[in-house]
Amino acid sequence: GGDRALDRDCTTLSRHVLQQCQSFAAEAQDLSALMNRIALAGKLIARHMSHAGLMEGVLGFTGDVNVQGESVKKMDVYANDVFIAVFKQSGLVCRLASEEMDKPYYIPENCPIGRYTLLYDPIDGSSNTDINLSLGSIFSIRRQEGDDTDGKALDLLTNGRNQIAAGYILYGPSTMLVYTIGKGVHSFTLDPSLGEFILTEENIRIPNHGAVYSVNEGNFWQWEESYREYIRYVHRTEDYTARYSGAMVSDIHRVLIQGGVFLYPGTIQKPEGKLRLLYETAPLAYVIEQAGGRATTGLVDILDVVPKKLHQRTPLIIGSREDVAKVESFIQNGH
Ligand code: P6P
């Protein structure tokens, strides 16, 4: 009836987080406020993106090259600044670590009061910005242990089971926010007319098997033989079809909903692969594991990897249990 529709419209993200915590203790309030800030960042980025083709200064490159040696897109910089601006006002976060910044950004006003750290990839898949295809932001929230007075953020160099919240924002035909605080995975859709993320699906469960494998086969000859054997296998069987968008938030969201597997393997030259652990593979692994799926480097679970440095990379095989196991069977049998 009408009241159900009204109740759904009132299930905003901040309310849902409090429901999840089943408490109004300080940390529950903090998490609700933190997720609200993530939602605000998502709204600001989505709004900017929707104007990309309509105003100057949104599309294209800044002309700089970032610490990864990649040319910086204006959208990357804008989105990175949005997260800093939004969390400056939060009073909760003291430190932000991002793909776009060589060192963490410390918010002086909040430190040492802010006891949380935000780790994020402000725009993942930015090569899709100028061609109006889907993009994502990835976020991970950790407690800050100690005061990090030397600015080395060594307390961040622990495994992904220390995340207290993680998720992503998918800027697609609609803008969706998917998150977990360790009590399942839940998705919200932005209602621009309300300016609110409204609950779409609660306790999402990833299918145990799906028909999609998602990988950039252009790297085929850079992979170890075991990956090439896996690709020959999926080519032969009728069980799999290929989907790859160039933005892993979209590809992994498809895997979360429909099942299947996303891979970004290491290569012989770069065995660690391209993706970053702390703000890409670990938060995505937390979400997919919470939905009943798996995420591994091929040898160890992503959530058990202890990084030696902030921008550490890991290979990634993530998705449905059966499909991840299939990839592992090729790697572990050393085909
Ligand atoms: P390649 C985007 O830069 C990204 O980090 C992921 O979103 C995406 O899946 C991958 O890299 C694309 O990389 O090497 O396949 O072009």
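This report describes the annotated sites, the ligand surroundings and some local features of a predicted model.

The model is predicted, and local features are taken only where pLDDT is at least 70, side-chain atom pairs only at pLDDT 80 or more, while totals for chains, interfaces and linings use all residues. Residues are numbered from 1 along each chain as its sequence is written, and side-chain values use heavy atoms, with hydrogens and water left out.

An unreviewed UniProt entry applies the annotation "binding site" to Asp121, Asp124 and Glu280. These three residues span 160 residues in sequence, but no two of their C-alpha atoms are more than 8.6 Å apart, so they gather at one spot. UniProt positions follow the numbering used here, feature names are shortened, and annotations may be inferred rather than shown by experiment.

Asp121 belongs to strand β5, which comprises residues 116–124. Helices (H or I, at least four residues) and strands (E, at least two) are DSSP runs numbered from the N terminus. Asp121 has 0% relative accessibility and therefore counts as buried; the term buried means under 20% relative accessible area, exposed over 50%, and partly exposed in between, with a 1.4 Å probe and protein chains only. Setting aside residues up to four places away in sequence, Asp121 touches Glu99, Gly136, Ser137, Ile138, Tyr279 and Glu280. Contact here means heavy atoms within 4.5 Å.

Asp124 also lies in strand β5 and is buried, at a relative accessible area of 7%. Apart from neighbours within four places in sequence, Asp124 is in contact with Leu135, Gly136, Ile138, Ala247, Met248, Val249 and Glu280.

## Ligand surroundings

Which residues surround the ligand? They are Asp124, Gly125, Asn216, Tyr244, Gly246, Ala247, Met248, Phe262, Tyr264, Lys274 and Leu275, where a residue is near a molecule if one of its heavy atoms lies within 4 Å of it. By class, this shell has six nonpolar, three polar and two charged residues. In that classification Ala, Val, Leu, Ile, Met, Phe, Trp, Tyr, Cys and Pro are nonpolar, Asp, Glu, Lys and Arg are charged, and the others, Gly among them, are polar.

| Side chain | Distance to a ligand oxygen atom |
|---|---|
| Asp124 | 2.5 Å |
| Tyr244 | 2.6 Å |
| Tyr264 | 2.6 Å |

The protein covers 78% of the 400 Å² of accessible area that the ligand has on its own. Accessible areas come from the Shrake-Rupley method with a 1.4 Å probe, and for residues only the protein chains shown count as cover.

A further "binding site" annotation in the unreviewed UniProt entry lists Asp124, Gly125, Ser126, Ser127, Asn216, Tyr244 and Lys274. Gly125 is found in the loop between β5 and β6 (135–143) and is buried at 14% relative accessible area. Beyond its neighbours within four places in sequence, Gly125 is in contact with Leu135, Gly246 and Ala247. Ser126 lies in the loop between β5 and β6 and is buried, with a relative accessible area of 15%.

Helix α2 (residues 13–21) is mostly covered, with seven of its nine residues buried. The buried residues are Leu13, Ser14, His16, Val17, Leu18, Gln20 and Cys21. Their cover includes α3 (26–50), β8 (175–180), β9 (186–191) and β10 (196–201). Just after α2, Gln22 takes a positive phi of about 45 degrees.

Asn132, although not a glycine, has a positive phi of about 55 degrees. Asn132 is found in the loop between β5 and β6 and is exposed, at 72% relative accessible area. Ala153 also has a positive phi, near 50 degrees. Ala153 is found in the loop between β6 and β7 (163–171) and counts as buried at 2% relative accessibility.

Terms used: A polar contact is a pair of N or O atoms within 3.5 Å; within protein, one must be able to donate a hydrogen and the other to accept it, and residues adjacent in sequence count only if both atoms are side-chain atoms.
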